[in-house]
Amino acid sequence: MEYNLADLFESVVDVVPDREALVYIDHPGTGAVRRLTYAGLDAAANRIAHHLTGDGGLRRGEHVGLHLYNGVEYLQTVLACLKARLVPVNVNYRYVKEELVYLYRDADLAALVFDAEFTERVAAALPRTERLRHLIRVGAPPAGAPEVEAVRFEEAEAAGSPGRGFGPRSADDLFIIYTGGTTGMPKGVMWRQEDLFFAGLFGGEPSGEPVKRPEELAERVAAGGPGLTFFPAPPLMHGTSTLTSFIAFNYGQRVALHRKYVPEEVLRTIEREKVSSVSLVGDAMLRPLIDALRGPLRGTDLSSLFSVSSSGAIMSETVRAQFQELVPDVLLLNNFGSSESGSNGRATDDSGPDKGFRLEVNERTQVVDPATHEPVPVGEPGRLAQRGHVPLGYYNDPAKTAETFFRKGDERWVLLGDMATVDENGIVTVLGRGSQCINTGGEKVYPEEVEQALKSHPDVYDALVTGVPDERWGSRVTAVVQLRPEAPVLDLASVQSHCRALLAGYKIPRAVVFTDRVQRSPSGKADYRWAKTVAAEG
């Protein structure tokens, strides 16, 4: 047995087959709840795995896209891919046609499992995705949706065998996590499963010593008992939520899921299912919980809740204090990591506006000079880097891989996009995530991509895009636009309408400031400092 995620999951199933593994609370209003034991989830995943390699005709190592909302089908399909030695690939369900075409092609998808709600977008992208040959649809398509040749998920599941019968697997089997790129286009981070197990899943033990043998994981589960429920509230299409689910499985504990994030329903589920730990994305998800607890859900019993953690965006000091007033005994954790590194560390208790975002990093994380890769002196700015269990690189992008991943001695390293400093006590202060990346509600928005969309408008001469602080979302995407001299007056609605056909909804500017001239350097480079000032004043 190796550090293979499917092998590890099956070893847990074999020691606690009748323990509840997953509870799915369907879209609010239906009242539907689906529960699966470890044995039940294992059999369900086996069925899809056998379908993919049987009727689906997929071969070992081929890639399967997951274009899905949260649900049993998402985790079932991920497990199915791992069991059959196929490679699961997350698809951002907010993407529109051009973005989907790029991702489907860049990831070399051979199969796609998609929610019926996305039928129109999938149909629009299919003519330009020649490698994609097998589709599985979850649910019934909406009225008027175009015809797409796809197998119904229920049929695929019914046709596949519930038994295992798979060949040997390897720690080298891949797991790909797609994340936003520096030009706005997504990049596929290639993880060996052994590396992901230790870097992203803490070696089976987030709060203690990682396992030293693969078999030890099941031994720990067998020696313990049930009682914990993990609730990843963000979409599973983001790597953090999927990894949170696997952390729970590695503990032999239970995962609770909602199809979409509805704050009132989240609180009801915490109370009803006795949730222990909730993961979310920053103030954009925490603040609505506070509003609900102050209003219609006042008095909700949250006594089972031990921790609320955030990854991908920061829970600000102000919002954390508001939540603690309402739920004083819950531990709030600002975790820090990325698709390229797994976990880097956790924010210190004194992180805030005065001292900045300060981290206690793990022993594998350093602040280095990006040119020499050597540690920077105390107080000097550098780039975060991580060693040891790191990804192999970016799929289909050798140039970006060479820029980001390197070897030093016998170890592999990844150079992250975060600028940072380190103090004499080893505490790291993060200065910025990427040079100009806008983090809005946990989503990464890169200005260059939005600028290209804006400048494709016939009346726009030039544009810069920046983030303006936003109380709920962290940052608000704001465009500074220079119109052509002969152009008619534009308004925000017309700019948004133009962008909506080219970009996912979260990338569309929420504000536009019109200016007589977009300021650039003499060489033509963007002056983002000027743009940020103009955007804030506007």
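How many bridges join strand E26 (residues 474–483) to E27, and do they run parallel or antiparallel? Four bridges join them, and the two strands run parallel.

## About the model

This is a predicted model, in which local features need pLDDT of at least 70, side-chain atom pairs count only at pLDDT 80 or more, and totals for chains, interfaces and linings use all residues. Residues are numbered from 1 along each chain as its sequence is written, and side-chain values use heavy atoms, with hydrogens and water left out.

Ala479 has Val512 in E27 as its bridge partner. Strands here are DSSP runs of E with at least two residues, helices are runs of H or I with at least four, and both are numbered from the N terminus. Two strands count as paired if DSSP finds at least two bridges between them.

E26 and E27 belong to an open sheet of three strands, in the order E25-E26-E27, with mixed pairing. Strand E25 (460–470) and strand E27 (511–514) are at the edges with a single partner strand each, so one side of each has no neighbour in the sheet. On average, neighbouring strands of this sheet are turned by 25 degrees against each other, direction ignored. Helix H14 (residues 447–455) lies across E25 and E26 and runs at about 140 degrees to E25. Such angles run from 0 to 180 degrees between N-to-C directions, with axes fitted to C-alpha atoms, for helices over the stretch in contact (heavy atoms within 4.5 Å).

Next comes a hairpin: E14 and E15, with three residues between them. Strand E14 (residues 331–338) is joined to E15 by four bridges, and the two run antiparallel. Gly337 has Ser343 in E15 as its bridge partner.

E15 also pairs with strand E16 (residues 357–361), in the antiparallel sense over three bridges. There, Ala347 stands opposite Leu359 in E16. Strand E15 (residues 342–347) is mostly covered, with five of its six residues buried (under 20% relative accessible area; exposed is over 50%, partly exposed in between, with a 1.4 Å probe and protein chains only).

## The nonpolar cores

In soluble globular proteins, nonpolar side chains tend to be buried together. A nonpolar core here is a set of buried Ala, Val, Leu, Ile, Met, Phe, Trp, Tyr and Cys residues joined through side-chain atoms within 4.5 Å. The largest has 122 residues, of which Tyr104, Phe197 and Phe249 touch the most other members. Helix H3 (residues 72–83) gives the most to this core, namely eight residues. Apart from it lies another core, of 28 residues, including Phe231, Leu267, Val278 and Leu302.
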